Amino acid sequence: MNRPANGSGPSAGDGGPKVYVKVPASTANLGPGFDALGMALNLYAWIEMGVAERTEIRLYGSQMAGVPTDKSNLVYQVAQQVFEKAGVSHPELDIAMYSDIPLTRGLGSSASAIVGALVAANALIGGKLSAYELFQMASALEKHPDNVGASLFGGLTVAFWDGERAEHIRVEPDDRLEVLVAIPRFQLSTEKARHVLPGEVPMKDAVFNIGHASLLVAAFCTGRYDMIRHAMKDALHQPYRAPLVPGMSDILDRAEHHGALGVALSGAGPTLLALADARSGSKDELERFLLDTLAGHGIEADTMWLKPCTDGATVVTHFDPNATLLENVKSEASV
Ligand code: HSE
(Lines give C-alpha, C1' and ligand atoms only; values in the text may rest on other atoms or scores of the structure.)
Protein backbone atom coordinates (compact mmCIF):
# COMPACT_ATOMS: atom_id res chain seq x y z
CA MET A 1 0.00 0.00 0.00
CA ASN A 2 1.34 3.43 -0.92
CA ARG A 3 1.14 6.01 1.82
CA PRO A 4 2.36 9.58 1.45
CA ALA A 5 5.41 10.77 3.40
CA ASN A 6 3.53 13.79 4.69
CA GLY A 7 1.15 11.66 6.65
CA SER A 8 -2.21 12.50 5.15
CA GLY A 9 -2.96 8.89 4.20
CA PRO A 10 -4.17 5.97 6.29
CA SER A 11 -2.05 4.55 9.06
CA ALA A 12 0.27 1.62 8.67
CA GLY A 13 -2.30 -0.97 7.98
CA ASP A 14 -0.93 -4.24 6.70
CA GLY A 15 -2.60 -5.90 9.64
CA GLY A 16 0.43 -6.94 11.70
CA PRO A 17 0.86 -5.78 15.27
CA LYS A 18 2.42 -2.34 15.66
CA VAL A 19 4.27 -0.83 18.54
CA TYR A 20 4.50 2.84 19.49
CA VAL A 21 7.30 4.46 21.44
CA LYS A 22 7.51 7.96 22.93
CA VAL A 23 11.06 9.14 23.53
CA PRO A 24 12.30 12.34 25.17
CA ALA A 25 14.85 14.85 23.89
CA SER A 26 17.94 15.36 25.99
CA THR A 27 20.66 17.80 26.83
CA ALA A 28 24.20 16.54 27.30
CA ASN A 29 27.28 17.63 29.24
CA LEU A 30 25.51 20.25 31.42
CA GLY A 31 28.77 22.16 31.19
CA PRO A 32 31.59 20.15 32.79
CA GLY A 33 30.17 16.62 32.37
CA PHE A 34 31.48 16.19 28.83
CA ASP A 35 30.28 12.84 27.42
CA ALA A 36 29.09 11.87 30.90
CA LEU A 37 26.04 13.87 32.07
CA GLY A 38 22.68 13.92 30.33
CA MET A 39 19.21 15.11 31.21
CA ALA A 40 15.95 14.09 29.53
CA LEU A 41 13.65 16.96 28.56
CA ASN A 42 9.91 17.11 28.02
CA LEU A 43 10.12 17.49 24.26
CA TYR A 44 9.41 14.29 22.36
CA ALA A 45 9.66 12.11 19.29
CA TRP A 46 7.30 9.21 18.56
CA ILE A 47 8.01 6.08 16.55
CA GLU A 48 5.52 3.55 15.20
CA MET A 49 6.90 0.23 13.99
CA GLY A 50 5.46 -2.94 12.56
CA VAL A 51 6.61 -5.89 10.47
CA ALA A 52 5.60 -5.46 6.82
CA GLU A 53 5.79 -7.19 3.45
CA ARG A 54 7.64 -4.22 1.97
CA THR A 55 9.51 -1.52 3.85
CA GLU A 56 7.80 1.84 4.08
CA ILE A 57 8.92 4.80 6.17
CA ARG A 58 6.64 7.78 6.80
CA LEU A 59 7.90 10.97 8.41
CA TYR A 60 5.66 13.59 9.94
CA GLY A 61 6.42 17.14 10.98
CA SER A 62 8.82 19.86 9.90
CA GLN A 63 11.69 18.49 12.02
CA MET A 64 12.02 15.53 9.68
CA ALA A 65 13.11 17.47 6.58
CA GLY A 66 15.93 15.67 4.78
CA VAL A 67 15.63 12.44 6.79
CA PRO A 68 15.79 9.47 4.38
CA THR A 69 12.76 7.24 3.85
CA ASP A 70 14.60 4.25 2.42
CA LYS A 71 16.52 1.50 4.20
CA SER A 72 19.37 3.93 4.96
CA ASN A 73 17.02 5.51 7.55
CA LEU A 74 18.61 5.45 11.02
CA VAL A 75 15.52 4.02 12.72
CA TYR A 76 15.34 1.18 10.19
CA GLN A 77 19.08 0.47 10.51
CA VAL A 78 19.03 0.44 14.31
CA ALA A 79 15.98 -1.82 14.37
CA GLN A 80 17.86 -4.33 12.19
CA GLN A 81 20.71 -4.34 14.73
CA VAL A 82 18.23 -5.24 17.47
CA PHE A 83 16.82 -8.13 15.42
CA GLU A 84 20.31 -9.38 14.58
CA LYS A 85 21.39 -9.31 18.23
CA ALA A 86 18.20 -11.09 19.27
CA GLY A 87 18.63 -13.70 16.52
CA VAL A 88 15.44 -12.91 14.60
CA SER A 89 14.87 -11.64 11.07
CA HIS A 90 12.47 -8.88 10.03
CA PRO A 91 13.99 -7.28 6.95
CA GLU A 92 10.82 -5.42 5.94
CA LEU A 93 9.36 -2.87 8.33
CA ASP A 94 6.60 -0.32 8.37
CA ILE A 95 7.91 2.70 10.27
CA ALA A 96 6.42 6.10 11.03
CA MET A 97 8.11 8.87 12.98
CA TYR A 98 7.00 12.23 14.28
CA SER A 99 9.30 14.56 16.21
CA ASP A 100 9.14 17.90 17.96
CA ILE A 101 12.90 17.77 18.64
CA PRO A 102 14.86 20.17 16.42
CA LEU A 103 17.46 18.41 14.29
CA THR A 104 21.19 19.08 14.76
CA ARG A 105 20.74 21.73 17.46
CA GLY A 106 22.15 19.99 20.53
CA LEU A 107 18.92 18.54 21.90
CA GLY A 108 19.68 14.89 21.23
CA SER A 109 17.57 14.33 18.12
CA SER A 110 19.79 11.53 16.81
CA ALA A 111 19.96 9.91 20.25
CA SER A 112 16.18 9.98 20.49
CA ALA A 113 15.91 8.31 17.08
CA ILE A 114 18.42 5.63 18.10
CA VAL A 115 16.77 4.98 21.47
CA GLY A 116 13.27 5.09 20.00
CA ALA A 117 14.29 2.58 17.34
CA LEU A 118 15.95 0.27 19.88
CA VAL A 119 12.98 0.29 22.22
CA ALA A 120 10.41 -0.07 19.42
CA ALA A 121 12.25 -2.93 17.69
CA ASN A 122 12.76 -4.68 21.03
CA ALA A 123 9.07 -4.28 21.91
CA LEU A 124 8.15 -5.70 18.51
CA ILE A 125 10.02 -8.93 19.34
CA GLY A 126 8.60 -9.23 22.83
CA GLY A 127 11.40 -7.51 24.74
CA LYS A 128 14.10 -10.12 24.11
CA LEU A 129 16.87 -7.63 24.99
CA SER A 130 17.30 -5.96 28.39
CA ALA A 131 17.46 -2.20 28.93
CA TYR A 132 21.13 -2.71 29.81
CA GLU A 133 21.78 -4.34 26.44
CA LEU A 134 19.93 -1.54 24.66
CA PHE A 135 22.07 1.00 26.52
CA GLN A 136 25.26 -0.78 25.39
CA MET A 137 24.06 -0.71 21.79
CA ALA A 138 22.95 2.92 21.98
CA SER A 139 26.24 4.08 23.50
CA ALA A 140 28.27 2.20 20.89
CA LEU A 141 26.19 3.77 18.12
CA GLU A 142 26.47 7.33 19.45
CA LYS A 143 30.03 6.86 20.76
CA HIS A 144 29.05 8.68 23.93
CA PRO A 145 26.42 7.67 26.51
CA ASP A 146 25.08 11.04 27.69
CA ASN A 147 22.19 11.76 25.31
CA VAL A 148 21.20 8.12 24.80
CA GLY A 149 21.32 7.39 28.53
CA ALA A 150 18.97 10.28 29.27
CA SER A 151 16.58 9.38 26.44
CA LEU A 152 16.52 5.72 27.46
CA PHE A 153 16.28 6.05 31.23
CA GLY A 154 14.87 9.55 31.73
CA GLY A 155 15.89 11.96 34.48
CA LEU A 156 19.49 12.98 34.94
CA THR A 157 21.97 10.29 33.97
CA VAL A 158 25.59 10.02 35.00
CA ALA A 159 27.39 7.62 32.71
CA PHE A 160 30.57 6.49 31.04
CA TRP A 161 31.28 4.58 27.88
CA ASP A 162 34.85 3.31 27.61
CA GLY A 163 34.58 2.04 24.06
CA GLU A 164 33.42 -1.39 25.21
CA ARG A 165 30.92 -0.96 28.00
CA ALA A 166 28.60 1.70 29.32
CA GLU A 167 27.45 2.07 32.92
CA HIS A 168 25.11 4.65 34.38
CA ILE A 169 23.30 5.85 37.47
CA ARG A 170 20.05 7.74 37.12
CA VAL A 171 19.36 10.68 39.41
CA GLU A 172 15.82 11.96 39.94
CA PRO A 173 15.61 15.60 38.89
CA ASP A 174 14.01 17.99 41.36
CA ASP A 175 10.58 19.38 40.53
CA ARG A 176 11.87 22.89 41.12
CA LEU A 177 14.12 22.76 38.09
CA GLU A 178 13.14 24.45 34.84
CA VAL A 179 15.18 24.49 31.69
CA LEU A 180 15.30 27.42 29.29
CA VAL A 181 16.71 26.61 25.88
CA ALA A 182 17.65 29.22 23.29
CA ILE A 183 17.80 27.44 19.95
CA PRO A 184 19.72 29.37 17.28
CA ARG A 185 18.21 29.16 13.81
CA PHE A 186 21.22 27.40 12.35
CA GLN A 187 22.36 23.82 12.47
CA LEU A 188 25.66 22.65 13.92
CA SER A 189 26.62 19.04 13.43
CA THR A 190 28.06 17.15 16.38
CA GLU A 191 30.85 16.04 14.05
CA LYS A 192 31.85 19.64 13.37
CA ALA A 193 31.57 20.59 17.04
CA ARG A 194 33.76 17.64 18.06
CA HIS A 195 36.27 18.36 15.32
CA VAL A 196 37.26 21.67 16.96
CA LEU A 197 38.22 19.92 20.21
CA PRO A 198 41.90 19.27 20.94
CA GLY A 199 43.25 15.73 21.05
CA GLU A 200 44.92 16.42 24.39
CA VAL A 201 44.19 18.85 27.23
CA PRO A 202 46.39 20.21 30.03
CA MET A 203 46.19 18.36 33.35
CA LYS A 204 44.88 21.51 35.04
CA ASP A 205 41.85 21.55 32.70
CA ALA A 206 41.15 17.88 33.37
CA VAL A 207 41.36 18.51 37.11
CA PHE A 208 39.10 21.57 36.73
CA ASN A 209 36.41 19.46 35.04
CA ILE A 210 36.62 16.53 37.45
CA GLY A 211 36.02 18.89 40.36
CA HIS A 212 33.24 20.82 38.67
CA ALA A 213 31.40 17.80 37.24
CA SER A 214 31.60 15.99 40.58
CA LEU A 215 30.30 19.03 42.44
CA LEU A 216 27.48 19.44 39.92
CA VAL A 217 26.29 15.87 40.41
CA ALA A 218 26.51 16.30 44.19
CA ALA A 219 24.53 19.56 43.91
CA PHE A 220 21.75 17.80 41.97
CA CYS A 221 21.73 14.85 44.38
CA THR A 222 21.49 17.03 47.47
CA GLY A 223 19.31 19.86 46.11
CA ARG A 224 22.13 22.39 46.64
CA TYR A 225 20.98 24.61 43.79
CA ASP A 226 23.09 27.50 45.12
CA MET A 227 26.14 25.45 44.02
CA ILE A 228 25.04 24.93 40.43
CA ARG A 229 26.40 28.22 39.13
CA HIS A 230 29.84 27.47 40.61
CA ALA A 231 29.81 23.88 39.41
CA MET A 232 28.47 24.37 35.88
CA LYS A 233 31.75 25.60 34.44
CA ASP A 234 33.81 23.78 31.87
CA ALA A 235 37.34 23.86 30.49
CA LEU A 236 37.25 20.86 28.14
CA HIS A 237 34.87 21.71 25.32
CA GLN A 238 32.97 24.99 25.68
CA PRO A 239 36.01 27.28 25.25
CA TYR A 240 36.83 25.55 21.94
CA ARG A 241 33.24 25.57 20.73
CA ALA A 242 32.47 29.18 21.64
CA PRO A 243 33.62 30.55 18.25
CA LEU A 244 31.00 28.32 16.57
CA VAL A 245 28.13 30.03 18.43
CA PRO A 246 28.37 33.83 18.37
CA GLY A 247 27.16 35.25 21.69
CA MET A 248 27.83 32.04 23.62
CA SER A 249 30.74 33.40 25.66
CA ASP A 250 28.72 36.43 26.79
CA ILE A 251 25.83 34.19 27.79
CA LEU A 252 28.07 31.79 29.72
CA ASP A 253 29.73 34.72 31.50
CA ARG A 254 26.63 36.71 32.43
CA ALA A 255 23.48 34.54 32.54
CA GLU A 256 23.80 33.96 36.27
CA HIS A 257 23.36 37.73 36.79
CA HIS A 258 20.01 37.46 35.00
CA GLY A 259 18.46 34.72 37.09
CA ALA A 260 20.08 31.50 35.82
CA LEU A 261 21.05 28.82 38.34
CA GLY A 262 23.64 27.80 35.78
CA VAL A 263 24.20 27.94 32.04
CA ALA A 264 25.88 25.76 29.42
CA LEU A 265 26.07 24.85 25.79
CA SER A 266 23.48 22.11 25.27
CA GLY A 267 25.39 19.05 24.05
CA ALA A 268 27.48 19.99 21.05
CA GLY A 269 25.32 23.09 20.48
CA PRO A 270 24.34 25.45 19.04
CA THR A 271 21.49 25.52 21.61
CA LEU A 272 22.27 27.29 24.88
CA LEU A 273 20.68 26.03 28.04
CA ALA A 274 19.99 27.83 31.30
CA LEU A 275 18.71 26.13 34.44
CA ALA A 276 16.26 28.12 36.54
CA ASP A 277 14.35 27.72 39.76
CA ALA A 278 10.64 27.36 38.94
CA ARG A 279 9.90 29.90 41.70
CA SER A 280 12.31 32.47 40.28
CA GLY A 281 10.91 35.90 39.54
CA SER A 282 13.56 36.48 36.84
CA LYS A 283 12.41 34.01 34.17
CA ASP A 284 11.33 36.71 31.69
CA GLU A 285 14.53 38.64 32.27
CA LEU A 286 16.61 35.52 31.66
CA GLU A 287 14.78 34.72 28.43
CA ARG A 288 15.19 38.31 27.21
CA PHE A 289 18.88 38.25 28.11
CA LEU A 290 19.54 35.10 26.06
CA LEU A 291 17.60 36.32 23.04
CA ASP A 292 19.04 39.85 23.13
CA THR A 293 22.60 38.63 23.55
CA LEU A 294 22.31 36.26 20.60
CA ALA A 295 20.57 38.96 18.55
CA GLY A 296 23.39 41.36 19.44
CA HIS A 297 25.72 38.90 17.70
CA GLY A 298 23.43 38.61 14.70
CA ILE A 299 21.95 35.25 15.74
CA GLU A 300 18.20 34.66 15.53
CA ALA A 301 16.97 32.11 18.03
CA ASP A 302 13.80 30.60 19.47
CA THR A 303 13.34 29.98 23.17
CA MET A 304 11.44 27.22 24.93
CA TRP A 305 10.82 26.63 28.63
CA LEU A 306 11.15 22.91 29.30
CA LYS A 307 11.16 20.64 32.33
CA PRO A 308 13.40 17.67 33.04
CA CYS A 309 11.55 14.55 31.94
CA THR A 310 11.52 11.80 34.54
CA ASP A 311 10.48 9.04 32.11
CA GLY A 312 12.77 7.59 29.50
CA ALA A 313 11.58 6.00 26.26
CA THR A 314 8.17 4.45 26.86
CA VAL A 315 6.08 1.97 24.90
CA VAL A 316 2.71 3.63 24.34
CA THR A 317 -0.15 1.17 24.56
CA HIS A 318 -3.20 3.38 24.09
CA PHE A 319 -2.68 4.56 20.49
CA ASP A 320 -5.33 3.67 17.89
CA PRO A 321 -3.84 1.30 15.28
CA ASN A 322 -6.36 2.53 12.72
CA ALA A 323 -5.22 6.15 13.02
CA THR A 324 -2.02 7.66 11.62
CA LEU A 325 0.85 8.30 14.00
CA LEU A 326 0.24 12.02 13.56
CA GLU A 327 -3.42 11.65 14.52
CA ASN A 328 -2.45 9.61 17.56
CA VAL A 329 0.16 12.16 18.68
CA LYS A 330 -2.22 15.07 18.13
CA SER A 331 -4.99 13.40 20.07
CA GLU A 332 -2.58 12.74 22.94
CA ALA A 333 -1.51 16.40 22.91
CA SER A 334 -5.12 17.58 23.10
CA VAL A 335 -5.99 15.40 26.12
N1 HSE B 1 28.80 14.92 24.67
C2 HSE B 1 28.56 15.14 23.27
C3 HSE B 1 29.39 16.33 22.80
C4 HSE B 1 27.12 15.41 23.05
O5 HSE B 1 29.42 17.32 23.51
O6 HSE B 1 29.98 16.25 21.73
C7 HSE B 1 26.79 15.58 21.58
O8 HSE B 1 25.50 15.25 21.36
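**The ligand and its surroundings**

A nitrogen atom of the ligand lies 2.5 Å from an N or O atom in the side chain of Asp35, a polar contact being a pair of N or O atoms within 3.5 Å (within protein, one must be able to donate a hydrogen and the other to accept it, and residues adjacent in sequence count only if both atoms are side-chain atoms). The model is predicted: local features need pLDDT of at least 70, side-chain atom pairs count only at pLDDT 80 or more, and totals for chains, interfaces and linings use all residues. Residues are numbered from 1 along each chain as its sequence is written, and side-chain values use heavy atoms, with hydrogens and water left out.

For Asp146, the distance from an N or O atom of its side chain to a nitrogen atom of the ligand is 2.6 Å. The side chain of Arg241 places an N or O atom 2.8 Å from an oxygen atom of the ligand. Of the 260 Å² of accessible area that the ligand has on its own, the protein covers 95% (Shrake-Rupley method, 1.4 Å probe; for residues, only the protein chains shown count as cover).

The shell around the ligand includes Phe34, His144 and Thr190, where a residue is near if one of its heavy atoms lies within 4 Å. Domain 1 (2-171 + 311-333) and domain 2 (177-306) both contribute to this shell, so the ligand lies between them; the bounds come from an automatic or database domain assignment.

Two backbone features remain. Asn29 has a positive phi of about 80 degrees although it is not a glycine. A cis peptide bond, with omega about 10 degrees, joins Gly269 and Pro270. Most residues other than glycine have a negative phi, and most peptide bonds are trans.
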